[in-house]
Amino acid sequence: MNIMFASSEVTPFAKTGGLADVSAALPKALSKLGHNVKIVMPRYYSINPANLEKLPFNIGVPVGGLGTLWAGVYKSYLPNTNVEVYFIDYEKFFGRSRIYADESGYSYLDNDKRFIFFSIAVFELALAIKFDVDIFHFNDWQTASGTALLKYRYNWLFPKSKSVLTIHNLEHQGIFGKEAFNYLMIDWEHFNLYEFEAMGLTNLLKGGIAAADKITTVSPTYAKEIQTPEFGFGLHDHIKAHSHKLVGILNGVDYDEWNPKTDKLIPFNYDVENIEVKKKNKLALQERMGLEKSEKKCLIGLVSRFAKQKGIELIAQAMEGLLGLSADFVFLGSGEKWAEGFFSDVSAKYPNFRVWVGYNNELAHLIEAGSDLFLMPSLFEPCGLNQMYSLRYGTPPIVRAVGGLNDTVENYNPFTKEGDGFKFWEPSKDALYNTVKWAVDTYYSDDYKIIQKRGMKKRFSWERSAKEYEKIYKEVL
Ligand code: ADP
Ligand code: GLC
């Protein structure tokens, strides 16, 4: 099949979260199954054009009310593969330092124009490179309107193409003023409560869901959760109405990147058979973060966006208790300013807590390799990748039993000795504290090694996920 995969972020070119990892790993796995996948993304300012091939043509991108905007196109490949990546170059929209928001965290005010422009450009690119597309695969609100563009605007140019929309996170829906709908250049009859309209505003994800031939989300549990008021962010009824085309497909792990046996970003490689080597990474991590060096003392890691979704408020509320446990903590993350400030203050005051505020891939790998337990108490989690990395690195995760966390982590059972992590259900500081305490106690017991090894042997292969995507592509075609 010929698959055009559109995403606003793709590792290693631009990343704010797991969407970028999936947007590289899934096309790679699909291509291994023999499909012709081409990825398309914006050329942000941070992507150096000197490393890309400039294609000898421009594409005209007709945007409602703005006329035809002429964009350049660059090309490259996913590292060590022959999967092509196309970059849409348009200085006015993408020639700025960040992807979605400025340095203070404020979303760019023209994100509607930027990403509708990009979604339209996907079709113009396919035409320009004469790609006979079977499946247009869109991701999240940024490209969601592509499904409607295909159905109502580009259908005569791609009469046999179908669309798939993957929801990686329902919290972000791309809600803009009514005028944003105009940029799409599709008939105003689609601005109604069953498609793009939400209380007089334009909701790109909502309209995208309505027009998609298939919708997927990134774990089976999340596919159920988003049909309920608790997790639906106002769209649960809309999603329910379209649930006949919804499937939950668990993300995989790119074990070329996340494998303690071969990881080039950690100082000491190890695996199940020489698990004792992991301790050397722990010492390296303690030293790097200014914690007291100790092979024995429990070390708990966290790598996360500092966003409400990730349960950082629960952690802050439980902090006093957590600091009293016989454990050290290393946190890596950035995001909400209060959290950056709060964790920095705790870090300055308490010898058993350290935070590194910012984005640091190498440190993320070292935290996975050097920690004894990994904390991920999300309020909701469509899939989550770090808990799967943790399992592979022998760092049993402590998670809230939601979404993909529920689907990937098996709760430790002290009686049967089964399980590979620690789960809690209630989103409260007490449940969080009690579960971390239970995990720390278990760390100091003989069962810890059993839990650790079981997790290390578990695999979340992209091949399996890609085959599920392949199946739904075939269904829609
Ligand atoms: P989300 O996409 O909701 O942020 P995921 O768990 O799916 O959550 O993916 C997060 C990805 O981003 C992981 O690969 C994780 O290692 C990475 N990540 C998050 N924050 C940081 C950070 N501060 N530094 C380095 N990597 C980070
Ligand atoms: C989103 C979700 C995360 C998921 C990722 C990749 O960012 O928050 O849970 O793993 O997308 O699908």
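Helix α1 (residues 18-32) contributes 3 residues to the shell around ligand 2, the most of any element; helices (H or I, at least four residues) and strands (E, at least two) are DSSP runs numbered from the N terminus. The model is predicted, with pLDDT of at least 70 needed for local features and 80 or more for side-chain atom pairs, while totals for chains, interfaces and linings use all residues. Residues are numbered from 1 along each chain as its sequence is written, chains are lettered from A and ligands numbered from 1 in the order in which they are written, and side-chain values use heavy atoms, without hydrogens and water.

**Ligand 2**

There are 14 residues around ligand 2, of which H168, N251, E381, C383 and G384 come nearest; a residue is near a molecule if one of its heavy atoms lies within 4 Å of it. By class the shell has 6 nonpolar, 6 polar and 2 charged residues. Here Ala, Val, Leu, Ile, Met, Phe, Trp, Tyr, Cys and Pro count as nonpolar, Asp, Glu, Lys and Arg as charged, and the others, Gly among them, as polar. Domain 1 (2-252 + 462-476) and domain 2 (272-456) both give residues to this shell, so ligand 2 lies between them. The domain bounds come from an automatic or database domain assignment.

**Polar contacts**

The table lists polar contacts of both ligands, a polar contact being a pair of N or O atoms within 3.5 Å.

| Residue | Protein atom | Ligand atom | Distance |
|---|---|---|---|
| N251 | side chain | ligand 2, oxygen | 2.9 Å |
| Q309 | side chain | ligand 2, oxygen | 3.0 Å |
| C383 | backbone | ligand 2, oxygen | 3.0 Å |
| K15 | side chain | ligand 1, oxygen | 3.0 Å |
| K310 | side chain | ligand 1, oxygen | 2.8 Å |
| G358 | backbone | ligand 1, nitrogen | 2.8 Å |

Taken alone, ligand 1 exposes 560 Å², and the protein buries 93% of that. Accessible areas come from the Shrake-Rupley method with a 1.4 Å probe.

**Ligand 1**

Ligand 1 is surrounded by 22 residues, the closest being G18, D21, R305, K310 and G358. Strand β13 gives the most to this shell, with 3 residues. The shell around ligand 1 comprises 7 nonpolar, 10 polar and 5 charged residues. At least three residues come from each of domain 1 and domain 2.

Definitions and conventions:
Polar contact = N/O pair within 3.5 Å; in protein donor to acceptor, adjacent residues only side chain to side chain.
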